[in-house]
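Colleague: I am new to this structure. Please walk me through how to read it.

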Amino acid sequence: MSFFKKLKEKFVKGPESEEEKEDQQVHETEDSDEQEHSLETDHHDDQDVAELQGETEIPETETPAEDREEETVESTEDEEETAETAVNEEYEQDFEESVAEDDAEEIQEEDEKESIASKFKLGLAKTRNSFSTKINDLVARYRTVDEDFFEELEEVLISADVGVTTVMEMIEELEMEVKRRNVQDPQKVKEIISEKLVEIYYGDDRAEEIEGLNENPDGLTVYLFVGVNGVGKTTTIGKLAHRLKSEGKNVTLAAGDTFRAGAIEQLEEWGKRVGVNVTKHSEGSDPAAVIYDGIQSAKSKNADVLICDTAGRLQNKVNLMNELSKVKRVIEREIPGAPHEVLLVLDATTGQNAMSQAKTFSEATDVSGIVLSKLDGTAKGGIVLAIRNELDIPVKLVGLGEKVTDLETFDAHAFVYGLFADMIEEYEEEEELS
């Protein structure tokens, strides 16, 4: 099965054809007619029986003892048969309800997949429009796949901020794959590109190992957010708090960014909007003290998750990194094994500048995952692959819009689907024509 077809089947539910809909309507009409006819027949039969009973009077006679015993046995057998039938009907009803619940769960899962895919498709519109246009122009200008074709493809990938190192590796793998499959038509290369993008992202790791946030199975889960000012860190914390609360978790926040003017008030406002408690101190307080109090407050409230905000003054790099190290030590001392995620928030619109920030923070603290904010606002969404491949840090969450519900768990397949959605639709049309 082709890779485009796999993506289509995974994320796009094909609508019923008109013929299928017409057949279904015909069957429903026939069933309805049969049911009405059956009801009319039963009604007439009942009338005939009633008339017959009215015309024929049966005299009352005393029933012999032997006949009464036979009637009692028959009555008992009828009752047992009725009871057995009721049990069977109840069992069948329970079975049907169980099947219906399973079907409903499957439908819900399919709808969720389709919803995630549509969010990625919409959120990656700018990147897709730029990337797809350049790829299509490149393919249209070449009749065969040669060295010149790969050189221009290299430029297209670099312009999408996939990263020079990642692009070089990808081009090398593409050339090998094209030779192995003996592909001559440039149109066929588009599908191989999409397949390689997913392979490069996951590398040797399995999807379940790097997707989603780690949790503490034995108590309070702590997420520590880091990142420079202006990348959307506080907003992302608010969106994550909303998401976790909607999943039924008891969430609290700690306003550890005590240096940026308005940071505490901004997080407090998010707490009010989402409906979660916020631990705060006055502006200029020790961030580690705020986080300590946040942990104690979360424990006293039996919270499931504590999300900690931190300062992001990159111009004072040494002091900032010392503060982060101190905060992390406090968390580790109070909750062994915590923080369960150190999430670095990066602004996707800054492109390669986000890469340099990721390198700086990963040197100072053990960053376990990246949160890419404003992915919907950039035409250079390839930065996702560059970060993953060059820094070996998985992208955990992505911001695909301004709404509170627009924070999604990163899925490389959904990302590639959003990147190649137009091409997948073209592929579908070609398949139908052929």
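Colleague: Where does UniProt place the feature "domain: SRP54-type proteins GTP-binding"?
Modeller: UniProt positions use the numbering applied here, feature names are shortened, and annotations may be inferred rather than shown by experiment. The unreviewed UniProt entry puts this feature at residues 394–407. Over residues 394–407 the chain is 0% helix and 43% strand. The end C-alpha atoms of that stretch are 16 Å apart. Helices (H or I, at least four residues) and strands (E, at least two) are DSSP runs, numbered from the N terminus.

Colleague: What ground rules apply?
Modeller: This is a predicted model: local features need pLDDT of at least 70, side-chain atom pairs count only at pLDDT 80 or more, and totals for chains, interfaces and linings use all residues. Residues are numbered from 1 along each chain as its sequence is written, and side-chain values use heavy atoms, with hydrogens and water left out.

Colleague: What is the mean pLDDT of the protein?
Modeller: pLDDT is the predictor's confidence in each residue, from 0 to 100. The mean for the protein is 81, and 74% of its residues reach 70 or more.

Colleague: Where does pLDDT stay under 50?
Modeller: Where pLDDT is low, the predicted coordinates should not be read in detail. One such stretch is residues 48–63, with two contacts beyond four places in sequence. Another is residues 102–108, with zero contacts of that kind. Contact means heavy atoms within 4.5 Å.

Colleague: How many helices and strands are there in the protein?
Modeller: The protein has 15 helices and eight strands. Take contacts between residues at least 6 apart in sequence: 76% of them join residues at least 24 apart.

Colleague: What percentage of the residues is buried?
Modeller: Buried means under 20% relative accessible area, exposed over 50%, and partly exposed in between (1.4 Å probe, protein chains only). Of the 434 residues in the protein, 41% are buried.

Colleague: Which residues touch the most other members of the largest nonpolar core?
Modeller: In soluble globular proteins, nonpolar side chains tend to be buried together. A nonpolar core is a set of buried Ala, Val, Leu, Ile, Met, Phe, Trp, Tyr and Cys residues joined through side-chain atoms within 4.5 Å. Here the largest one has 112 residues, and L153, I307, L372 and F420 touch the most other members. Helix 15 (residues 412–433) gives the most to this core, with nine residues. Beyond four places in sequence, F420 is in contact with F4, F131, K190, I193, S194 and L197.

Colleague: How many cavities of 30 Å³ or more are there?
Modeller: On a 1 Å grid over the protein atoms alone, a cavity is a set of points where a 1.4 Å probe fits but cannot get out; lining residues have an atom within 4 Å of a point. Grid points are joined across faces, edges and corners, and a volume is the space filled by probe spheres set on the points. By this rule there are two cavities of 30 Å³ or more.

Colleague: In helix 12, is K328 buried or exposed?
Modeller: K328 lies in helix 12 (residues 317–334). K328 counts as buried because its relative accessibility is 12%. Beyond four places in sequence, K328 touches P339, T365 and D366.

Colleague: What about K326?
Modeller: K326 also lies in helix 12. At 36% relative accessibility, K326 counts as partly exposed. Leaving aside neighbours within four places, K326 is in contact with D286 and A288. K326 and A288 are 38 residues apart in sequence, yet 6.5 Å apart in space, C-alpha to C-alpha.

Colleague: Which peptide bond is cis?
Modeller: Most residues other than glycine have a negative phi, and most peptide bonds are trans. The bond from A338 to P339 is cis, with omega near -5°. P339 sits in the loop between helix 12 and strand 5 (341–347).

Colleague: Where does N182, with its positive phi, lie?
Modeller: N182 is in the loop between helix 6 (164–181) and helix 7 (186–202). Its phi is near 55°. N182 is exposed because its relative accessible area is 55%.

Colleague: And N302?
Modeller: Phi of N302 is near 55°, again a positive value in a residue other than glycine. N302 is found in the loop between helix 11 (287–300) and strand 4 (305–309). At 62% relative accessibility, N302 counts as exposed.

Conventions:
On a 1 Å grid over the protein atoms alone, a cavity is a set of points where a 1.4 Å probe fits but cannot get out, and a pocket is an open set with protein on both sides within 12 Å along at least five of seven lines; lining residues have an atom within 4 Å of a point.
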